[in-house]
Amino acid sequence: MNKELTTGNAPFRVHKSLLDAVINALSEIFCNDRKADKVLAEVLRSNKKWGSRDRGFIAESTYEIVRWWRLLNYINESSIEGEITSFQIKKVVGVWLKLQGADLSAFKEYDKLSRAVLEKKYEEARTIRKVFHSIPDWLDEMGLAELGEDDWLKELVAMNKTAPVTLRANTLKNSREDLAAFLHNEGIETDFVKNVPTAIDLRKRQNVFITNAFKEGRFEVQDGGSQLIGLMMGVTPGMRVIDACAGAGGKTLQLAAMMENKGQVIAMDTEEWKLEELKKRARRGGVHNIDSRPITGKVIKRLNESADRLLLDVPCSGLGTIRRNPDAKWKLKPLWIEEIKTVQQEIIQKYSTMLKVGGKMVYATCSILPSESENQVAVFLGKNPNFKLIEEKRTSTIKDGFDGFYMALIERI
């Protein structure tokens, strides 16, 4: 869709079990407000008879329908406001499949679907930006206000592309050249990612989590832009490094590998279950220099002026990763984004005290909005003359094919 939605494929048949799986997944996402990745993981585990092609069809169809939810409903002449019904979901699935070239003659509920009529509605939608690019009204207004019409339109196009699967070679166990060779032997072909020395992209989507390479901790799934944040930290073996918003620890593990398991990486987060997940990943990856600590006021005070490097990958809207998490644009609320901006400023003001004089920190977001990124750094620097900006950078699907990240390297002087 806009890939383009109307692909002109030769007719193909859809098995009822696969159709039902897509409908059930969408019902969980839209009716029960569940995250798409969690739902799909459950659905794909539910039938062991499905082969890789079946699973690929279910996953791709579900994600693409979520991605183009507003446009498909416009074509279906249904609303995305108010309660979503199972009947509506079934009809929208039919619209998607019909536009993809599916033969739906085996399903009576789709007898009256005319591809010609649907394509006419699709062409009509081209004149309505927020419908054609399938985003909520409030998000269109916010993006337009912050980025301007030309840049916002480019971001919308990029936002609706399918993201590649990017891996970070765990350098504690192998180089990316070794990893690529190892995966090749398991039937997975990859390409090196330019300007990111540990990153490789899969040539086609495959389940990498069943490979021996994954089980042996040879890699983690991590976008190239995310890996650049870790590289900006400039860590070396023996440092004390704090990852103060670690989550499940993708960047924490990267930093530990860059430090060759020497020194200390303190991983902090407000949610302990995320730190438990980090511990599992660290064991698999052979990482030994991580110390995980739930965030409390006492912990921050004890670590005052102790860090050589500090990473603040703050909570944000996640608008830079919408292509990877398309359901987020239907779950995000503008009020929440305004509230999280207050939290971001509180974090950088409070947590920066853990950085020693001469130390450096990276403030990062996965947002395309300046109000969550450049503006927050400007406010912080205006209030703290003992810090200076060394470098700031953005990644984007438009420019380099990565997710939309912002990162700023700041030194305490």
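Contact means heavy atoms within 4.5 Å. The model on display is predicted: local features need pLDDT of at least 70, and side-chain atom pairs count only at pLDDT 80 or more, while totals for chains, interfaces and linings use all residues. Residues are numbered from 1 along each chain as its sequence is written, and side-chain values use heavy atoms, with hydrogens and water left out.

Select isoleucine 65 to begin. Beyond its neighbours within four places in sequence, Ile65 is in contact with Val22, Leu26, Leu72, Val92, Val93 and Trp96.

Next, display the largest nonpolar core, which has 44 residues. A nonpolar core is a set of buried Ala, Val, Leu, Ile, Met, Phe, Trp, Tyr and Cys residues joined through side-chain atoms within 4.5 Å; buried means under 20% relative accessible area (1.4 Å probe, protein chains only). Ile58, Ile65, Val93 and Leu97 have the most contacts inside this core. Among the elements that give it two or more residues are helix H1 (16-30), helix H3 (52-67) and H4; helices are DSSP runs of H or I with at least four residues, numbered from the N terminus. H1 gives the most, with nine residues.

Move to H4, residues 69-76, where seven of the eight residues are buried. These include Trp69, Arg70 and Leu72. Just after H4, glutamate 77 takes a positive phi of about 60°.

Finally, select H8 (residues 137-147) and H17 (residues 334-351). Their axes, lines fitted to C-alpha atoms over the stretch in contact, lie 10 Å apart at an angle of about 45°. Trp138, Met142 and Glu146 in H8 meet Pro334, Ile337, Glu338 and Lys341 in H17.

Terms used. Axes fitted to C-alpha atoms, helices over the stretch in contact; angles between N-to-C directions. Buried < 20%, exposed > 50% of the residue type's maximum accessible area, 1.4 Å probe, protein only.
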